[in-house]
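Q: I would like to learn how to read the features of a protein model. Can we work through one together?

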Amino acid sequence: MDASTSAAVAAWAACASAVVTLITVCVTAWFARKQVEAARAQVQAAHETRLQQDRHAQEALAAQARLAQETLEHEAREAQKTREEQSQPNVVMFMESNATHWYALELVVKNFGATPAYNIEMEFNPKPQVCPRPGSTDPTDLWIPAAIPILAPGQEWRTLWDMSNRRFKHGELPSRHEATVTYTNSGGSEFTTQAVLDWDSLRDTRAVTVKTLHNVAENIHKQNEHLKAISQQLARFSSPTSGVWVFGSDGIQELTVRNQQAEESQRQFEDSIRALEEQEASASPTDDQTAGPHSTEAQPPEQA
């Protein structure tokens, strides 16, 4: 190969090498650009993810704050409501057996609240009635006050309603009664409570008799009555003409002595009467018609 050909080949080789190098540089630059774009996309995605996470975290914190605020407000409202309920009257109507006679049912209106209740009014449907009294055939209405002026905390109003052992014999009397109690507090706010009074809930029930101080007082009262009767009987022995007397001597002899004593007492009494009559006759004037009435009492011996 001559020199010109070799030079041409070398030139073409150099040109080819330059083209290859240029292509290599272009490809490398293109890959480098893609890598930069990919890295930029990753950075942007990471930034957006971080922003989204921050937004979610802020929203979660805001939701927790709102929930905490709502919880505090709800607790504050409930606490306020509880304080108001605890500081207001609470009047309730119910039936209760008497402490000493369980078959005697009483109607009770009691203030279970912490403050006084005012202007307590009661309404019934139907109106409570009492079974006929002995000797009567018609039931009577239970007396209920038009209003109770005030009930202090723990104070109650009660009245005997009826005896269950007699009431259940009168089927014409209503069993179930619905009642409404209205009252106000010191501020004038009005409250209402409902009650259901049902005699059938006590039908065929049993109870255990429990001795209380009332029974002790009743027994003491009976004992005092017995002691009083015994004392009165013993007091009769203070008189020789009453009671039962026992003598150690002969009864006929003692009776004779007592008869003699009685006759002597009767004789002395009759002598005293005669002496008084004689004194009155001797002291009465016979010629003075204007004299006043004279006493029939016996005069002392020095004035006779």
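The dialogue below takes the features one by one.

Q: What is the mean pLDDT of the protein, and over which residues is the pLDDT below 50?

A: This is a predicted model, and pLDDT is the predictor's confidence in each residue, from 0 to 100. Here the mean is 80, and 85% of the residues reach 70 or more. Residues 286-304 have pLDDT below 50, and this stretch has ten contacts in the model beyond near neighbours in sequence.

Q: How many helices and strands does the protein have, and which pattern does it follow?

A: There are four helices and nine strands.

Q: What do the totals for burial, contacts and surface say?

A: Of the 304 residues in the protein, 15% are buried. Of the contacts between residues at least 6 apart in sequence, 60% join residues at least 24 apart.

Q: Which strands does β8 pair with, and in which sense?

A: Strand β3 (residues 117-125) pairs with β8 in the antiparallel sense over six bridges. M122 has V181 in β8 as its bridge partner. With strand β9 (residues 190-198), β8 again pairs in the antiparallel sense, over nine bridges. There, T182 has T192 in β9 as its bridge partner.

Q: How many residues lie between β8 and β9 in the hairpin?

A: Five residues separate β8 from β9 in this hairpin, and G188 in the turn has a positive phi of about 90°.

Q: Is N111 buried or exposed, and what does its side chain reach?

A: A residue counts as buried under 20% relative accessible area. N111 has a value of 0%, so it is buried. N111 sits in strand β2 (residues 104-111). Its side chain reaches the backbone nitrogen of G113 at 2.9 Å. A polar atom of the N111 side chain also lies 3.0 Å from the backbone oxygen of L151. Apart from neighbours within four places in sequence, the contacts of N111 include P89, N90, V91, P116 and L151.

Q: Where does S175 lie, and is S175 buried or exposed?

A: S175 is in the loop between α2 (164-167) and β8 (176-184). With a relative accessible area of 17%, S175 is buried. Not counting residues up to four places away in sequence, S175 touches L197, D198, W199 and D200.

Q: How is a pair of aromatic rings described?

A: Such a pair is described by the distance of the centres and the angle of the planes. The structure holds four aromatic pairs. One of them is formed by F94 and F112, which are tilted, at 6.2 Å centre to centre with 40° between the planes. This pair links distant parts of the chain: F94 is in strand β1 (residues 91-97) and F112 is in the loop between β2 and β3, 18 residues apart. F94 is partly exposed, with a relative accessible area of 21%. F112 is also partly exposed, with a value of 48%.

Q: What is the geometry of the aromatic pair W161 and W199?

A: W161 and W199 are edge-to-face, at 5.4 Å centre to centre with 80° between the planes. W161 lies in strand β7 (residues 156-163) and W199 in the loop between β9 and α3 (213-235), so the pair ties together parts that are 38 residues apart in sequence. Both W161 and W199 are buried.

Technical notes. Residues are numbered from 1 along each chain as its sequence is written. Side-chain values use heavy atoms; hydrogens and water are left out. Helices (H or I, at least four residues) and strands (E, at least two) are DSSP runs, numbered from the N terminus. Buried means under 20% relative accessible area, exposed over 50%, partly exposed in between (1.4 Å probe, protein chains only). A polar contact is a pair of N or O atoms within 3.5 Å; within protein, one must be able to donate a hydrogen and the other to accept it, and residues adjacent in sequence count only if both atoms are side-chain atoms. Contact means heavy atoms within 4.5 Å. Two strands pair if DSSP finds at least two bridges between them. Rings of Phe, Tyr and Trp (its six-membered ring) pair if their centres lie within 6.5 Å; planes under 30 degrees apart count as stacked, over 60 as edge-to-face and the rest as tilted.
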